[in-house]
Amino acid sequence: MPVNGSEMNITIDDFTRALRQHAPQFEVTLTPDSVAHLSDYYQLVGAWNARLNLVAPCAPEEFAVRHVLESLVALRFLPPNASAIDVGSGAGLPIIPCLVARHNLSETLIEATKKKATFLREALSKLGLSDRAQVCAERFEQTTAPAADFVTCRALERFTKILPKLVAWSPPASTLLLFGGPTLQEKIAQMRLNYTALLFPQSEQRFLFVVNRAQAI
């Protein structure tokens, strides 16, 4: 992220403008307070990215659309007062934007990389979300899944290979919200899981897969 003050302001303005412009296409409603906090989150990712490679470098509009608005599509499936587990949280996507936009959502973020877990704790603290979210700095396979209604996962390493373990680990009555492309869809179908696929706006190959864990075969 640029360090010059005026350039920083322009970058933030571009990000917030893109959020507002594209939100209706994603059926996302954002309050001024949510936009402000999402802008703070964007700056935090930028400040830490050089050290941790949280996300691939991208323009403000791409970050707003591909990372934030696509993440917020998950809110369609998260009812009020839902509890969720985010596996492989990394930069906090999709769940930190969801926590910002939905004030009655509670979350456990699981991130095995200690430095990224440190970033997540810092981001939650800076954004005032620590009372509704906690970070577990372990691989999910080395933990017992806490009770939760949903499991979210956006960027898990070796996603297709590890998917059977993730499904088996998830709470029995939970719904999985998985972000991925055709390869992940093929694996989900191969496992004969009951799912629906939602194609993201402005994309031909990025989907949100809604998987019913209770009906896993």
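Glutamate 70 and arginine 206 form a salt bridge (a side-chain nitrogen of Lys or Arg within 4 Å of a carboxyl oxygen of Asp or Glu), with their closest N and O atoms 2.7 Å apart. This pair links distant parts of the chain, 136 residues apart, with glutamate 70 in helix α3 (residues 60-72) and arginine 206 in the loop between β6 (195-199) and β7 (207-212). The model is a predicted one, in which local features need pLDDT of at least 70 and side-chain atom pairs count only at pLDDT 80 or more, while totals for chains, interfaces and linings use all residues. Residues are numbered from 1 along each chain as its sequence is written, and side-chain values use heavy atoms, leaving out hydrogens and water.

**Salt bridges**
- A search of the whole structure finds 4 salt bridges.
- Glutamate 70 is buried (under 20% relative accessible area, with exposed over 50%, partly exposed in between, and a 1.4 Å probe on protein chains only) at 2%, whereas arginine 206 is partly exposed at 23%.
- Aspartate 14 and arginine 17 meet in a salt bridge at 2.8 Å, N to O, and lie 3 residues apart in helix α1 (residues 5-22), about one helical turn.
- Arginine 139 forms a salt bridge with glutamate 141, the closest N and O atoms being 3.4 Å apart.

**Helices α2 and α5**
- The axes of helix α2 (residues 32-52) and helix α5 (residues 114-126) come within 11 Å and cross at roughly 160 degrees, on a scale of 0 to 180 degrees between N-to-C directions.
- The two helices, α2 and α5, are therefore roughly antiparallel, a term for angles over 145 degrees.

Notes. Helices (H or I, at least four residues) and strands (E, at least two) are DSSP runs, numbered from the N terminus. Angles under 35 degrees count as roughly parallel, over 145 as roughly antiparallel, 65 to 115 as roughly perpendicular and the rest as oblique.
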